[in-house]
Each structure stands twice: as structure tokens, then as C-alpha cells.
Amino acid sequence: MVLLGSAEAGYLDLNYDVVKNASLLQQDGKSQVLVMPTGGSPARKHPGGVVIEPGSEDYTAMEELVRRFNEPTACEADVAGTFAGSLLLTPTETLRKASLGLAARLPTAAEEAAVEAGGDDALNPILDKLLTEPAFYDRLKEMYNDLFLTDRYLGGNDALQLLDGKSDYYDPYWFEALNGPDAIQKYGATSADDLYNKLRSWTNVGVAREPLELIAHVVRENRPFTEILTANYIMVNPFSAKSYGMGDADVNFKNAADPTEFAEGHILDFPHAGVLTSPMFLSRFPTTATNRNRARARYVFKFFLGTDILKTAQQPIDPTKIDAFNPTLNKADCTICHVNIDPIAGAFQSFQSDDQIRYDATFQWYTDMKPPGFGAEEMPKAQFSTGLQWLGTRVAGDSRFALSAVYAIFTGLTGQEPLIAPSETDDKDFSLKFKAYLAQYYAFNTIAEQFKASGFNLKHVVKGIVNSRYYRAKNAADLTAEQQVELSEVGMGRLLIPEQLNRKIVAVLGYPWRDYKYNGDLLLRGDQYRMLYGGIDSEDVIKRVTAPNGIMSNIVDRMSNEMSCVSVPRDFQKVKEERRLFPYVDASESPKDKNGYEIPAAVESIKKNIQHLHRLILGERLDITDPEIARTYQLFLDAWQQGQDGMSSSDDAVKSRYSESLPGECQVHNEYWSGADLPEGEHLSEDPNYTIRAWMAVTSYLLSDYAFVYE
Amino acid sequence: MERRDFLKLASLAGLGVAVGSLPFSGEASAEGSAAPYDGPLWVMVHCGGGWDVTNLCDPKGFTAATAMKPNEQMNHFPESAIEAVPGSASQMKYAPEFDDPNQNPTAPIATDINGAAHNKRFFEKYYKDLLILNGINCSTNSHDVGTRVNWSGSLVENRPSFAALVAGAYGKDKPMAWVVNGGYDVANGVVAVTRTGNIGAIQRIAYPELFNPNDLDRPFHADEVAAKMLETRNARQSAMLAKQKLPRIQKAMGTLFTARTGQNELKKLKVELDKLTAANNGQLEGGLRGQAQIALAAYKAGICIAANMSPPAGFDTHGDNDRQQYNSRGVLLDGLEFLMDQALALGVKLRVLVSSDFGRTPGYNDGNGKDHWAITSMMLMGDGIKGDRVIGGTDEGHNALKIDPVTLELSTSGIQLKPGHIHRALRKLAGIDTNPVVQGASIKEEEDLPLFPAV
């Protein structure tokens, strides 16, 4: 009887079945699990002798176990109690978090009104809509790239060179023959060089993005997510299709000049099995002559079976004892992993080390390994040449597949890894930690079951996580020490990854964070802040930083300063009705008159706008009398007063720091996106009341807040 | 926010989870941490993939019995070719290197980018500083687990790296307390992980309040206004933290607020980087050398306690072992030499640890590669580490030999050297063995080995 560790997805249920089946086997009319530990029967002695004495406490527990197997009672695990005391986001707050997180936008007024009126019941239909928007598919691809890391090949011709010479059908550089004026015109290029660069880039992206586009395609079309392992096609754009040797008539594109359009294509004489046969996936997880596809098998376990197979090798091994002939086949220390890995490795046999992605149906697999297969099932020899199609069907049918999708989406949406069952039983908090683990285990199992029941529609997993406590818990009542342990990993508190923060900045302010308008976004550029802000390059840096350091907190401060400089004056430059940030005040509205007396109407407008900014930037719905409104108002007032004092100072040194003009970088002379000069009368250069700069201070303050950079 | 204020705030909020590891004992102290750090810079150099120590610091050659059996040879050079460091009291040995090790073991010794064989140059230059620990049994041949046990001392998941512990103990609030360039980067909440990037970006980040980091007179907000903003932010942080009860969110807030406590100290980094790169048009060197420069600059700025460095992960040599190990080793030893030389020139007190996931199997596979092997070595050098010593050992088949836990001599009745033993000793050397940071990061091995006698 071999029990599994928690590295295996769903291990408690799997172990339950193992023990139950063992207990049902009888020896001399008694359950085997009672007979063997007590020494066995005369007919079959226990090789390990007496382990448990009859009548002992352990024996009594075993008897009770057997009794319960024989007389099962419905007994729900009390995991709800684990969450007692936690306080959830309201439906409206959840809507904002999900809209920004899934669709890179703020909720519309209509959506907010619907959820305010209908609560959670109104939330799910809106979530359904969010999950059809293009931005969601960008996010989905981002989440799966964190696993597949195939964006490593996005640059230059990195993906194309992987195809070079790997099949008689492939023609990765098909575009090199194109340089005539017709082609230049057809593809909107400005010169032959421009044409070459465009076609190379579009083709390379098409090839590099193929496995992630498959994920997006399957979900977008509401197909069973199992298709990512069974798809008998590859995703291509009009340009990568040619690289795979597909003709214009082979793939149905709506617009054959659109590099962003992906469709299903078939490579000639190629047994597609979704991601498993993806040239990019196979390249990203290469093999060697001696590794024999075992690393690839490991990633099948990790990505599609929710199982870290290497953790089964976590127990101490003694290399001096590994003296058997072919230990991976014959020595228990090794077979514990290899018995699972090697059969799957065998399924990859048609994709071997020399070329990684070349399909070779004739390769003779090794005879000194466990035969190709999956679990206990051996692959029929007739299937060897299409082994990954055979494997894909089996992995997709395995109960762990659904959990692996739950794990991937959970980590993508919350930034957290699934909990690991505690292993140190002498830890005083062991049972509390195990209870926390159990609560998550059941929560994930429930989502996985809903996923299966939906026909493996991944959107059900996304909604399941969004509706879970792990996504929505925002606070708690006073917790006991025990509850603090149980709830230690429950709730929000995810530092936004650079891509998310970048999208949030645009969604909230309407402008991207760039050094120059035509340059790329600073948080996405590898040579700027992407890596420094904890992002990945899918090549050398493949793990995200989840907690901020000094550099990252300074990046937040620079962002908040630069973006307030960009967005605040530009907002004031617009007419009030078109403003996003300041719909309730004008730059001419000061909180006090020249004699220092408060102007009640102006103060009211300013506070109302502060209330609006808290909601827009931080998602906080505060009453106008809330202390946070008062705090922010005081900042506005202090900054404004400082400006008044500075501008009127008799000290030239002070006065020079309090000009009546905005800093040059923040002045508005042109339309942001087009760059077109504005009429002189519409320029915004001056700030004689110091109100714009006071609002810039307020906006910087809010943009650098915890609630903006965390979700 | 000042560190003292944050501690007070965290304490009021019952923020044990986030700051429970702040230093209050051992060599480390809360007060000491507020000042620029001037203890040794701890550098962990990780050779990702599993290095072959038998052609480095625990050399093994082929014997008469295996002379005609290439796949059974420990290496494709004879035992007799193993080099001894001239003048070494410990009779330190290193592996020879050949231009074409797979084909012709008698070919001339290879030369690297500095014009000499990697091993010969390195060992003969640094043997007086080097402590070599051979025959370490890391009890696993899994990459992840091996990396973890060698850098944390434990096989158990999520254990913080030694670098995280020492950085957490001496400078949790430093903005670059632990600079990480690959390797084992698990902190488990003890300290923040910091990555580095291009200099221009770092300069702008060092001065987030300025339009241009080279123009100190042009801030986004007037100084007095900026002070009000900071004051308001700190007050709001306190209020939010006081209201928050979920441990996970408390921890998240605590981490951000802690990261902000050392913001101004980043400015010192710009100054040091400017100095360090002045001779190279303000540019960093590439690869491991550049990693060393950032770590040294951050240390000189008083904001860095520990750094991870890692050459490209070229040590997982299941095929063509000798050539690939040779190339990767060249990068490694060049980077180490650069680090040591620069540290010496800058007057930086340095402690360097070099390790890997594990070792590589005795003998070659059919692809002339070597697979995973649980026996490995560690090389240590620097301030407070007595050099010209080799502790532990392996037999001709690279099986670990036992050592006497008191004398550290080889002894058949002794114990196997495990990473846990080394980490027990390292924690003592660093003065953090009783610090709160090590709570929850226990080590299974119980023997205290005198690996680091007073120098």
C-alpha cells in the first residue's frame, strides 16, 4: 500500500481510495489492514512482523477506520469554520477588482449600478461578460506564460530559428523572398527593409505565441479546456502559417494581413496533441540523449497534473546505496520518481534530443526504461508514433487535470502558490496549519468539480477563484491566535505585477507611464523597470518577486510623481464634463479667500472631488465625513497654503521654488496622443493659485498608496 | 517613515508576522541596523545545474583499472595529472584542464580569457584564502531540493536562504539588503528580495522625487509639500495597519512600509555606482562581473548585507560534461577573481560561499555527460574564514568519507558532512544563531562542527 504525498494534486482523495480498497480486502474474514500490521495470518505472514499490537490504541483506531469504510456516513468536512471572522469585499468592490484584474478596465456606471442593486447575483453575469473581452485573453496568456515561459522567443527571430531545418515542410524565413513594391504596399511598409522587419516580427510572434494562443482560443471558444492537450491543430497567424508550410487555402483567416489574428492550422504529416506537440513548448523544455524526455515528463506533471514530481525525491537518499544495475529501473530510491516519469517520457519519443522539435515517427525508444504509458497503463506499440496524442487524452481524462487548472488560475489571480500540507508534526501549530490546508484543499476540489461539470470550461475556474475567500477576504474581526494561523494565507494582499500595474495606471488615469510618448511603457520594458519591479523575462528570470523591496517602492514613488505630472494638468485642461479626475472642481477654486477665510462652497467641492479620487484611484467608497477624506483634504490644504506662502515670500530663494508656472514637464501644449499643438488659448502653463500643484500632491499621494499598488 | 517609527507602528498593530524577524540579539541589533551596514558582505555564488567538483576542488582522475574504459573513468585525465598547489600547507589539490579533454588528455593545459588555466590560476592565487569542504552529502539529486538544502541547510520546503537570514538579521530595512541575481532566493518573509538592472534606471529610481536625477534643484513637489505628503502617507499607513486584522494583508502592508523605510538610502547607491563605473563610461561590466559591481556598490552605500551571484546555468551537463563544465567554470572563476580583486581595492570585507545544486555522477554516460550525484563540495573564502584548509573528502568513486566532528579529520567512525552542519557553523560565524530570524528555520543536524575557528 503506497500512499501519496501532498505534492500530488488531490492526494487526500487518492489516498482515501487506496486505503479503502486495501481495507476491503479480507484475510481470514478480517480486513487486511487489521491483519497484516498485527503480524499477518498463518497463510500470509507480514514480512515486517508485528507493527501494531491487537488491542492497542492504534489498533482500535484502525478498527474504527475499517468500520467507517464498511458503514460510510455522509460527513462534510467543517472547513467553513476556518474562514470564520474574515470579512469579504462587497460585490461592488469585487467588481472593481475583477474588472481591473481580468479586463484591464474600471467597471462601467451601469455595471456598478447593477451590482449595487443585485449584489452577488448580479456580479456573475458581469464576470461572464468580462471573460469575453480581449484584455482577459491577454491576462490569460500572461498567466500561462508564467508556466510555459515561451515568451522567451518573442524577440527578433528567436522563434523562427528554432524551426529552421526541423522539417521538410517548414519555411520559417518565407518572407525573405518578398521585397517588391506590391508586397510593400500590401503590408503597409515604407521600404524593403521595413517590409522585411515587419514580416519577420509578425512571423516570429506568430510562431512564438502559438501555445499561449491555443490556451486563449480554447477558452474564448468555450471549448473543453482538455483540448489544450488534445487539439489536433496548431494556432497560427497568417504569417506563421507560411512558416509551417501552410498555403493560403489551408487556414481560414478573416484578414490575411492581420498579424493578431490566430486560427487553427495543420502541419502536414504531424500528429498534433495541443501544447504537448507545440514546437515552442518542446523547445522551451528541451531534452538530451541521456535525459530522454524525463524533464518534459516532469513538466507534464507540473502543468497538467498539478503534481511536483520532484518533491517525491525530497526524502534523503543515500547515493552510496544506489549500486543496482540501471537504478532508475531497479532501485527504490530512484524508481519512486522514475516509475511515474519514464512512461510519460516514452510518450515523447517521436521528439528527440538532436532537433528537439523534429517529428520522427521511426525513433526506436529505449528498452532499458519503463515502457511508454501513463500510470499503470502501457501504451500500445501501435500508438508509439502518435504517443503524445495517446498521452494527451489520458492526462486530460485524469482527475488531477482539473486541479492543475485550478492551481494555475489561483496563482495567476492571487499571486499565491497553493498551500503545501504541513510536514512537521511536532510543530505546535501543525493541526491549525493542516486545517488551513484542508480548507483550501476542499475549496479547490469544489471548484475543480464545478469545472468538470461545466464540460471543462475554464471560465468556471476563474469565477470560482474570484468568488473565493482567497480572492475576496479584505479584513477580519479580532482574531484569536489560533485563527491567525488558520487564516494566515487567506485574503487579498497581492502586489500587482508590472503588467497589472501598468494596465491599472492606464485604466484609472487614461495615460500610460512612459518616458516619452512614443516609447514603450516603462513597466513593460526589460531595459527599464519590468525586471526591477519584480517581473520576468521568461529566460533567465522566471520567478516573480511578490514582496516589494526598496527599489520597487521607489519605482512606485517615481510613477506616482510622474503620472500626477502627466495626468493632473491635462485633466484640468479639459472642460469639466470631460474630466476623469476633477469633475467637481476648477483650478481657480481655492479653499480660502485672500483674507484667509474659508470659502465653504469651494471646500465642499474640493472634498467632493477628494471623495471621487479615493473612489477612482483606490476603489474606496467613503462618506464625505470619513477621516480619510479629512486627511486628504488637510494635505490639499497644506500644499495649497505652502504654495501661497511660497509665492508671496519676500525671500527670493523661497519664491524661486514657488513659481506661478507649472514645471515645464507638466505643462500642456499639445494633445497627448496625436501630439498636435493646441491653440495657444488652450495651453495650460500657469498655476497662479497653486491649486493644480496641490492636486498633483494629492494625486501623487493616492497613486503611491498601498491600495493602488496592491489588490 | 523612520525605522523607529515603523517599529513602533508595527508593534502597536501587533504586526508579529511581518516584522517578527527583526534583529534584536546576537551581533545584530535594532539600533545597529539603523546605521549604514559595515559588517562583512556575504556573497553566495550558485552554480546552477550541479557542478562537477571532481574537475574542480575535489579532483579525481582515472586509474590504471579504468584507463581503457572511458565511460567508467572519473574524468578523462589520469590521477597523476592532478595538480597540487605549490606551498599549500593543506596540500590543496585541484583538477588539471586540457584543451580537448574528451579526446586527448595529454594535450596542453587550456587557457582561459585571462591567459591561464582557470583552475591553476584560481587555486594558486587564492589557496591561502580558500576553505574547501569536500564530501558533502546533500541527500538528494533533485535540482530544487539540492539548491535548497545547500543554501538553507534544510531539505524542508520554503526554508529561507542563509543569505536571507543574515540580511534579515542585520538590515531588514535596508533597501537592497539582499541583492539577488539568480540562485536560491527564498526569503520566506525574512527580508525583501532585490533585483538589479541598468544603471540609468537605478539612478532615476534612487531619486524618485526629481524630474532628473542629475538636477537636485528640480523636484516634482516643493520640499515642504513633499514633507507634508510623506507625513500624510505615514499617518494613513498607521491608520490602515491598525484597522487591518488579516495576517496576510498585515504582512503585505508591513512589507511595503518596511521597504519604504530605507528609501533615501538608495541615493547613496547612485554615488557608489558612479564611482565604480567611472572608468567604463558609466557602464557596468557584463555577466558575473556586473553582478559583483552592483553588490559591491550597494554594500559601499551601506544598504546591502548579502548578495546572490550566479553564472549562467551551464552546469547541468548531462551531455558533453567536460567541455560544458570547463566553459561554465571559466565564467565562475573569472567572476570570483573579479569580485575578490574589486573588494580588495574598495576595502570591502567579504565572505564568499560557492556551491551548487549537487555534484555529478562518477563516470560518464553515453553522451559523455554526467548525471546528478548527491555528493558535492563548497568553497568558502574571505574575512574571518581561515584559508588553506580542506575539510572532508571522498573516495576514488566520489563517495563521501566521514569526518570526526571534533578534529574534522577523516574518520571511519565519524559523521557524514551535511549542508545542515555547514549552516549551523555559518549561523554562528554570522552571529545569528540565536537571532529571531532563525526561528522556524531549524536545522536537523545537531552536531556543532568547528569549521570556522578564530582567524
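Trainee: In which hand does H25(A) pass H28(A), left-handed or right-handed?
Mentor: This is a predicted model. The helices in question are H25 (residues 600-618) and H28 (residues 691-703), both of chain A, and their axes come within 10 Å. The crossing of H25(A) past H28(A) is right-handed.

Trainee: Are H25(A) and H28(A) roughly parallel or roughly antiparallel?
Mentor: Their axes cross at roughly 30 degrees. Angles under 35 degrees count as roughly parallel, so H25(A) relative to H28(A) is roughly parallel.

Trainee: How many charged residues does the contact of H25(A) with H28(A) have?
Mentor: H25(A) contributes residues including Ile606(A), Asn609(A), Leu613(A) and His614(A), while H28(A) contributes Trp695(A) and Thr699(A), among others. By class, nine residues of the contact are nonpolar and three are polar, and the number of charged ones is none.

Trainee: What share of the residues in chain B is buried?
Mentor: Chain B has 13 helices and 12 strands. Among its contacts between residues at least 6 apart in sequence, 71% join residues at least 24 apart. Of the 455 residues in chain B, the buried share is 62%.

Conventions: Residues numbered from 1 in each chain as written. Chains lettered and ligands numbered in written order. Predicted model: local features only at pLDDT ≥ 70, side-chain atom pairs only at ≥ 80, totals over all residues. Heavy atoms only, no water. Axes fitted to C-alpha atoms, helices over the stretch in contact; angles between N-to-C directions. Helix = DSSP H or I, 4+ residues; strand = E, 2+ residues; numbered from the N terminus. Parallel < 35°, antiparallel > 145°, perpendicular 65-115°, else oblique. Left-handed = near helix turned anticlockwise from the far one by under 90°. Contact = heavy atoms within 4.5 Å. Nonpolar A, V, L, I, M, F, W, Y, C, P; charged D, E, K, R; others polar. Buried < 20%, exposed > 50% of the residue type's maximum accessible area, 1.4 Å probe, protein only.
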